[in-house]
Amino acid sequence: MLVRNRILSLQLASLINPSSSLLPFPKPTLSFPTRYLSHWTLRNPTHRHVSASASKTSQTRQISDAARFVRTVLFVPPGVDPDELTEDMVLPGSNIVIGPYAGESRIKEVEFVKSSGKAKECPKDHRPEFAILGRSNVGKSSLINALVRKKEVALTSKKPGKTQLINHFLVNKSWYIVDLPGYGFAKAPDAARMDWSSFTKGYFLNRDTLVAVLLLVDASVPPQKIDLDCANWLGRNNIPITLVFTKCDKMKASKGKRPDENIRDFQQVIRQNYKVHPPWIMTSSVTGLGRDDLLLHMSQLRNYWDQ
């Protein structure tokens with residue numbers, strides 16, 4: 001089965017021709033940091049080799065459609081020829097293509113290192129790290145616990161705003177998972193929320209070891225402006241993100257739409273503000289959906305970052 005047919009069966013064709021913007025805000029100047037963008041752009045060719053016997057007009061249209069599909073829907077990493085994509089190269093429930101940089105993704109050990117109130121207080125050992133970011137109560141701590149397969153590595157709470165510091169967890173003694181304070185409706189004084197926002201942005205802008213931000217988005221509710229604004233801020237500052245849709249197994253009857261519909265709506269807005277669609281994946285910490293696939297994607301980014 002062709003990759004194109006597989007993605008269309010997941011009802012993602014709307015990404016190719018997105019509707020008018022739902023939330024107007026400035027477009028980011030780049031989709032990803034320059035070191036990534038140069039590879040991911042150059043490896044999405046606008047022309048394919050075709051036989052001389054076919055109609056030139058038909059060829060041009062087919063080439064354009066195929067190239068446009070790859071550029072606007074699939075996240076093709078360095079080292080992958082878009083002409084040679086197969087179905088088993090795309091991670092389930094995502095647009096992520098796996099390439100030669102994907103390696104060992106198992107987590108054998110994890111340990112809490114420290115909590116920091118400022119970016120300059122974070123570890124300085126130059127190990128690569130992934131930051132977990134999202135609205136309060138979106139499931140950041142639950143996802144971390146699911147990834148490392150331990151129940152209480154990161155503290156979870158029914159009360160939003162539990163995490164108030166930058167928390168570093170060392171994985172396999174070689175890289176970090178970083179739990180950041182949630183944004184949004186945390187029940188904390190306004191001054192505290194402003195401080196969290198300030199030092200979180202300071203962390204993003206000053207961490208050379210940051211490989212990517214895993215931006216968690218609640219799929220059980222319609223697109224939230226605060227999530228889209230956050231993705232836009234990261235894009236404008238050339239900070240790489242992976243959209244991680246959480247709570248994909250939940251549906252809130254009062255909200256009216258299924259998780260897959262909310263994900264599609266969110267993606268339609270993102271497509272209008274990013275030249276290249278960021279990688280995304282559906283997860284559920286309850287069922288384990290997407291856990292191993294997300295780790296494989298992280299190993300791919302980490303190994304490329306190390307080059």
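Axes are lines fitted to C-alpha atoms, for helices over the stretch in contact. Two packed helices are described by the angle between their axes and the distance between the axes. In this predicted model, helix 4 (residues 140-148) packs against helix 8 (residues 291-305). The angle is about 85°, and the axes lie 9 Å apart. Angles of 65 to 115 degrees count as roughly perpendicular, so helix 4 is roughly perpendicular to helix 8.

Helix 4 makes the contact through L143, A146 and L147. Helix 8 contributes R291, L294 and L295. By class, five residues of this contact are nonpolar and one is charged.

Helix 6 was examined next. Helix 6 spans residues 225-236, twelve residues in total. From its first C-alpha to its last, helix 6 reaches 16 Å. This is close to the 16 Å expected at 1.5 Å a residue. The buried residues of helix 6 are D227, L228, C230, A231, N232, W233, L234 and G235. Just after helix 6, N238 adopts a positive phi of about 60°.

C230, in the buried set of helix 6, has a relative accessible area of 14%. Buried means under 20% relative accessible area, so C230 falls in that class. C122 also counts as buried, because its relative accessibility is 2%. A search of the whole structure found zero disulfides.

Conventions:
Residues are numbered from 1 along each chain as its sequence is written. This is a predicted model: local features need pLDDT of at least 70, side-chain atom pairs count only at pLDDT 80 or more; totals for chains, interfaces and linings use all residues. Side-chain values use heavy atoms; hydrogens and water are left out. Helices (H or I, at least four residues) and strands (E, at least two) are DSSP runs, numbered from the N terminus. The expected span of a helix is 1.5 Å times one less than its number of residues. Buried means under 20% relative accessible area, exposed over 50%, partly exposed in between (1.4 Å probe, protein chains only). Axes are lines fitted to C-alpha atoms, for helices over the stretch in contact, and angles run from 0 to 180 degrees between N-to-C directions. Angles under 35 degrees count as roughly parallel, over 145 as roughly antiparallel, 65 to 115 as roughly perpendicular and the rest as oblique. Contact means heavy atoms within 4.5 Å. Ala, Val, Leu, Ile, Met, Phe, Trp, Tyr, Cys and Pro count as nonpolar, Asp, Glu, Lys and Arg as charged, and the others, Gly among them, as polar. A disulfide is a pair of cysteine sulfur atoms within 2.5 Å.
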